[in-house]
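Hello,

Please find the structure below. Have a look at it before reading my notes.

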Amino acid sequence: MKNSDLMKRKEKSMPNGFAIGFPFFADRAKNSEIWDVEGNRYIDFIGGISVLNTGHTHPKITEAVKAQLDKFSHTATQIVGYENIITLAEKVCEKAPISGAKKAVFFSTGSEAVENAVKIARAATKRFGVIAFDAGYHGRTIYTLALTGKVAPYKQDFGVMPGGIFRIPFPVASFGVTEEASLIALEKLFKTDIAPTDVAAIIFEPVQGEGGFHFMPPSFAKKLREIADKYGIKIICDEVQCGYGRTGTFFATEQLGIEPDLMTTAKSLAGGYPLSGVVGKADIMDSVSPGGLGGTYAGSPVAVAAALAVFDVFKEENLLQRSKEIGEKIAAFLSGLKSKGGAFKRIGEIRHRGAMLAFDLLDAHGKADADVTKNLVLDARDHGLMLASCGLFGNSIRIMVPLTVEENILDEGLGILEKSLATVLK
Ligand code: PMP
């Protein structure tokens, strides 16, 4: 089988809107490596877009899934429940950085988790408004697309978005957006667009993912919490991308020093299987009437079996510690390159919490350089390393390598990264 033949078949049978980023097709994958149908090997620094914190085909997870497949693969959880999903709810509640009684519910995708978190906040407050942030990403369904703060490529072809969503700037020092400026925008919003008493929720990513791996300052989160408490607004932390150990703590929210009312989770929750969830304060979670939450595949037993195994892998392989080590190592490596000077000076800000690490690429005048970032992705790919870009200006590279990555594979990947940087920056 040839990659080029498969691409031709894809182009004939699948729409252009569903673009496939890399021109090769997977045959098999193991931990941090993927082999394509022609036998070429790639080191994977994308991890299925932050889904594979426990790596590709982790034997423990595969074993748990196989055991579940021999029992049953689907009951429709709202019709016939099963013990594993209750165990998972208990475990996710235990981990969530929210005090008091908690409850959790499961769906399939991150977008669904976000939609349902908003539904719960609306039911709890009997209000309709939701405030989101510039460059935030919350999904591709029409409502979550409206929450998502980036036009191209996500929203551009789809016309008017659902209403009741308001947006303020996310404080990013390097963009010149201070915490104060974001708070002033919020105050202004309450005067010009929506009364705070009509706002059901403020939703944000503790670390913006698609937006460029920008970390919400804890002091800002504290202010948001105070404002939310003053007006009875619920805080939703979207942990779909930054959760599950990526930042060195189980949930990134732990580093904010505030408690959210609701939290969404997905991606690495089930180590490669489609599963998402909402966890939150029990009274808020219970404000939806019976039957108001669900979905045919919500909480698939197969994905839930994987999710339970993910907890074991985290513990046995000490992945939170590993996340910190990986982040430190890559940050030191990039700082080392930058300090070599010459063209490497065009490596801009390097930011990370644990292994949630991104770096910017700049042009000779210190401005965002999306073209060189694209070239880096292409050059690295041609040398066997998969990299993903992100950010409002398309000039950040984000590293989402599995936390289970072997040291020698990580080193090999960084070696390719160095060579590709040297090639595209010169
Ligand atoms: N929220 C965040 C923070 C995300 O990063 C994503 C996916 N990139 C989503 C929601 C949507 O998840 P999904 O693609 O599984 O619907």
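Predicted model: local features only at pLDDT ≥ 70, side-chain atom pairs only at ≥ 80, totals over all residues.

Residues are numbered from 1 along each chain as its sequence is written, and side-chain values use heavy atoms, with hydrogens and water left out.

The ligand site

Which residues surround the ligand? They are Thr109, Gly110, Ser111, Tyr137, His138, Gly139, Glu205, Glu210, Asp238, Val240, Gln241 and Lys267; a residue counts as near if one of its heavy atoms lies within 4 Å of the molecule. By class, this shell has two nonpolar, six polar and four charged residues. In that scheme Ala, Val, Leu, Ile, Met, Phe, Trp, Tyr, Cys and Pro count as nonpolar, Asp, Glu, Lys and Arg as charged, and the others, Gly among them, as polar.

A polar backbone atom of Gly110 is 2.8 Å from an oxygen atom of the ligand. A nitrogen atom of the ligand lies 3.4 Å from a polar side-chain atom of Glu210, and a nitrogen atom of the ligand is 3.0 Å from a side-chain N or O atom of Lys267. The ligand taken alone exposes 390 Å², of which the protein buries 84%; these areas come from the Shrake-Rupley method with a 1.4 Å probe, and for residues only the protein chains shown count as cover.

Helix H5

Gly110 is also one of the residues of H5, which runs over residues 110-125. Helices (H or I, at least four residues) and strands (E, at least two) are DSSP runs, numbered from the N terminus. H5 has 16 residues and reaches 23 Å from its first C-alpha to its last, close to the 22 Å expected (1.5 Å times one less than its number of residues). Its buried residues include Gly110, Ser111, Ala113 and Val114; buried means under 20% relative accessible area, exposed over 50%, and partly exposed in between (1.4 Å probe, protein chains only). After H5 comes Lys126, with a positive phi near 55°.

Single residues

Arg398 sits in strand E17 (residues 396-399). Is Arg398 buried or exposed? Arg398 is buried, because its relative accessible area is 6%. Its side chain reaches the backbone oxygen of Ser389 at 3.2 Å. Leaving aside neighbours within four places in sequence, Arg398 is in contact (heavy atoms within 4.5 Å) with residues including Ile49, Glu210 and Gln241.

Phe133, in strand E5 (residues 129-133), is buried, with a relative accessible area of 2%. Lys374, in helix H12 (residues 370-382), is exposed at 54%.

Backbone

Most residues other than glycine have a negative phi, and most peptide bonds are trans. Ile49, in helix H2 (residues 47-50), has a positive phi of about 60°. Thr57 has a positive phi of about 45° and lies in the loop between H2 and helix H3 (59-71). A cis peptide bond, with omega about 5°, joins Ala152 and Pro153.

Regards

Technical notes. Polar contact = N/O pair within 3.5 Å; in protein donor to acceptor, adjacent residues only side chain to side chain.
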